[in-house]
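Thanks for coming, everyone. I have one structure today, and I will keep it brief. Please look at the screen.

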Amino acid sequence: MSRQPKAAKRSPRASAGKDRKGAGKAPARKATSWAETSEQRAERARRVMAALEEAYPDARVALAFTNPLEMVVATVLSAQCTDARVNQVTAELFKRYRTARDYAEAPPGELERAIHATGFFNFKSRLLRGLGRTLVDRFGGEVPRTMDELVELPGVARKTANIVLGNAFGVVEGIAVDTHVRRLAQRLGLSKEGDPEDIERDLMALLPRELWFRGTYLLIDHGRGVCNAKRPRCGECPVAAMCPRLGVDGSVG
Ligand code: SF4
């Protein structure tokens with residue numbers, strides 16, 4: 001589900017632009033951010049987050065869950081699938097699969113059918129069976145609440161672990177770098193890395209810890225709503241004045 005930014009709707013830049021010659025064009029590109037000092041980049045990153053907070057005050061995880069096990073299962077299922085589709089599937093799945101053992105001992109074919117609509121269902125079923133088995137055998141059937149333990153689970157790397165820790169336990173150990181966070185970090189000149197863990201490290205260095213969890217969902221909402229992968233709408237972007245738009249060549253107003 002894509003949320004539109006509040007600031008974009010009421011942005012003087014966006015509304016005034018419709019009445020001017022050249023309306024709809026993206027704002028002039030700012031100088032590349034790589035001339036910044038690290039202190040200047042960190043200051044800019046904080047201002048970007050403040051603007052995104054104003055634009056997306058309701059930013060939050062879109063996956064439905066009621067406990068840590070549901071959170072980790074939903075996150076595994078969300079790979080290559082929309083959150084809305086995952087929520088449709090888990091609305092039924094979570095009625096039948098309530099414990100880690102339920103996943104570990106899922107009858108052949110049953111789990112596959114239950115999650116079929118999320119795509120890659122054979123692969124995801126193997127992950128969920130392995131996840132359930134590992135939780136039963138090593139963690140007493142409970143989802144652990146540390147990064148080191150979570151990344152030992154099948155299908156769980158740092159991104160998923162950060163999502164589970166932050167949403168299910170209120171524990172913040174890092175920043176979940178999904179496809180939106182990765183793209184935004186690069187376009188905004190906050191990281192020139194490509195690997196999610198390197199990008200996470202750069203963002204953690206730039207942002208104060210209290211923004212790590214919140215920043216994930218602000219960037220995701222902005223990535224879904226305005227800074228799309230193919231056609232970012234720079235002309236109505238609430239952080240355009242702070243963005244060097246690195247690697248962007250198909251923006252629209
Ligand atoms: S839409 Fe994306 S690339 Fe364009 S100005 Fe906004 S953050 Fe930068």
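This is a predicted model: local features need pLDDT of at least 70, side-chain atom pairs count only at pLDDT 80 or more; totals for chains, interfaces and linings use all residues.

The overall picture. The chain has 13 helices and zero strands. Read along the sequence, the pattern is α-α-α-α-α-α-α-α-α-α-α-α-α. How much of the chain is buried? Of its 253 residues, 39% are buried. Now take the contacts with a separation of 6 or more: residues 24 or more positions apart account for 65% of them.

Next, helix α10, residues 158-169. α10 has 12 residues. From first C-alpha to last, α10 reaches 15 Å, close to the 16 Å expected at 1.5 Å a residue.

Is α10 mostly covered or open? Mostly covered: 10 of its 12 residues are buried. The buried ones are Lys159, Thr160, Ala161, Asn162, Ile163, Val164, Leu165, Gly166, Asn167 and Ala168. What covers them? The cover includes α4, α9 at 147-150, α12 at 196-206 and α13 at 212-225. Just after α10 comes Gly170, with a positive phi of about 70 degrees.

Now the partner, α4, residues 68-77. Two packed helices are described by the angle between their axes and the distance between the axes. For α4 and α10, the angle is about 150 degrees, and the axes are 9 Å apart. The crossing of α4 past α10 is right-handed.

Which residues meet there? On the α4 side, they are Pro68, Met71, Val72, Thr75 and Val76. On the α10 side, they are Thr160, Ile163, Val164, Asn167, Ala168 and Phe169. By class, this contact of α4 with α10 has eight nonpolar residues, three polar and no charged.

On to the ligand. There are 14 residues around the ligand. Which come nearest? Cys227, Pro232, Cys234, Cys237 and Cys243 do. By class, the shell around the ligand has 10 nonpolar residues, one polar and three charged.

Last, a single residue: Phe139. Phe139 sits in helix α8, residues 121-139.

Conventions. Residues are numbered from 1 along each chain as its sequence is written. Axes are lines fitted to C-alpha atoms, for helices over the stretch in contact, and angles run from 0 to 180 degrees between N-to-C directions. Helices (H or I, at least four residues) and strands (E, at least two) are DSSP runs, numbered from the N terminus. A crossing is left-handed if the near helix is turned anticlockwise from the far one by less than a right angle, and right-handed if clockwise. Two residues are in contact if their C-beta atoms, placed from the backbone, lie within 7 Å. Ala, Val, Leu, Ile, Met, Phe, Trp, Tyr, Cys and Pro count as nonpolar, Asp, Glu, Lys and Arg as charged, and the others, Gly among them, as polar. The expected span of a helix is 1.5 Å times one less than its number of residues. A residue is buried if 20 or more other C-beta atoms lie within 10 Å of its own, exposed if 12 or fewer, and partly exposed in between; C-beta atoms are placed from the backbone. A residue is near a molecule or strand if its C-beta atom, placed from the backbone, lies within 6 Å of it.
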